[in-house]
Amino acid sequence: MQTILSIGSNIGNKKKNIENAIYLLHNNYNITMLNVSNFYETEPFGYKNQNWFLNIVLIADTDLSPHNLLIACKKIEANLGRKQTTKWAERTIDIDILMYSDMILDTADLTIPHQYMHLRNFVLIPLNSIAPDTIHPIFSKTISQLLIECPDTSAVKLVKN
């Protein structure tokens, strides 16, 4: 199934943390990357007094169920040194499942599509760069439409390679 993930980091070598997460997703869980956005430097959301993040969004193909994908993401986060702290705190790596095909899922540990993706520039701007016509299964709007309507004013800057 096709899935869309958001990966971010704001501690240590942020780019290397993200590259390591992609490597582990592919090599440990046989997840095939179909499209990966550029890197974006992003203002912290929520708690502002911390390092800026580096974020990407990727589209991938996986045989994992949504819950097994979540378990894989949490294992990779732990492997790369993520510590569970307060909400919106600094982190070495953060992997979020944004969408899983056109599935709508709401369980105690997983909500798909991600319940806040339509409210976050650091998600919508990279996603819009690789999949602007993707339809959000709840709102029935394209990613580009959601970006236009997004109330978030946090800065998101394309990183020049």
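C150 is buried, with a relative accessible area of 12%, where buried means under 20% relative accessible area, exposed means over 50%, and partly exposed lies in between (1.4 Å probe, protein chains only). This is a predicted model, in which local features need pLDDT of at least 70 and side-chain atom pairs count only at pLDDT 80 or more, while totals for chains, interfaces and linings use all residues. Residues are numbered from 1 along each chain as its sequence is written, and side-chain values use heavy atoms, with hydrogens and water left out. Helices (H or I, at least four residues) and strands (E, at least two) are DSSP runs that are numbered from the N terminus.

- A disulfide is a covalent bond between the sulfur atoms of two cysteines.
- When a disulfide is taken as a pair of cysteine sulfur atoms within 2.5 Å, the count for this model comes to zero.

**Backbone features in the loops**

- The peptide bond that leads from I112 to P113 is cis, with omega near -5°, and P113 itself lies in the loop between β7 (111–112) and α3 (121–130).
- N30 has a positive phi of about 55° although it is not a glycine, and its place is in the loop between α1 (14–29) and β2 (32–36).
- With a relative accessibility of 54%, N30 counts as exposed.
- S101, which is not a glycine either, has a positive phi of about 50°, and this residue is found in the loop between β5 (94–100) and β6 (105–106).
- The relative accessible area of S101 is 30%, so this residue is partly exposed.

**How α1 and α2 pack**

- α1 packs with helix α2 (residues 66–79) at an angle of about 130°, and their axes are 10 Å apart; here axes are lines fitted to C-alpha atoms, for helices over the stretch in contact, and angles run from 0 to 180 degrees between N-to-C directions.
- The two helices, α1 and α2, are therefore oblique to each other, given that angles under 35 degrees count as roughly parallel, over 145 as roughly antiparallel, 65 to 115 as roughly perpendicular and the rest as oblique.
- On the α1 side the contact is made by A21, L24, L25 and Y29, and on the α2 side by A72, C73, K75, I76 and N79, where contact means heavy atoms within 4.5 Å.
- By class, this contact of α1 with α2 has seven nonpolar residues, one polar residue and one charged residue; Ala, Val, Leu, Ile, Met, Phe, Trp, Tyr, Cys and Pro count as nonpolar, Asp, Glu, Lys and Arg as charged, and the others, Gly among them, as polar.
- N68 is found in helix α2 and counts as partly exposed at 41% relative accessibility.
- The C-alpha atoms of N68 and Y29 are separated by 9.8 Å, although these residues are 39 residues apart along the chain.

**Helix α3 and P126**

- Seven of the 10 residues of α3 are buried, so this helix is largely enclosed by the rest of the structure.
- The buried residues of α3 are N121, F122, V123, L124, P126, L127 and I130.
- P126 counts as buried at 0% relative accessibility, and, not counting residues up to four places away in sequence, P126 touches S37, Y40, I56, V57 and N121.
- The C-alpha atoms of P126 and N55, 71 residues apart along the chain, are separated by 8.0 Å.

**Loop residues and their contacts**

- H118 has its place in the loop between β7 and α3 and is buried, with a relative accessible area of 19%.
- Leaving aside neighbours within four places in sequence, H118 is in contact with L124, F139, L146 and C150.
- D152 lies in the loop between α4 (143–149) and β8 (156–158), and at 12% relative accessibility D152 counts as buried.
- With neighbours within four places in sequence again left aside, D152 is in contact with F45, L119, R120, N121 and F122.
- D109, found in the loop between β6 and β7, counts as partly exposed at 49% relative accessibility.
- Beyond its neighbours within four places in sequence, D109 is in contact with H67 and L70, and the C-alpha atoms of D109 and H67, 42 residues apart along the chain, are separated by 8.5 Å.
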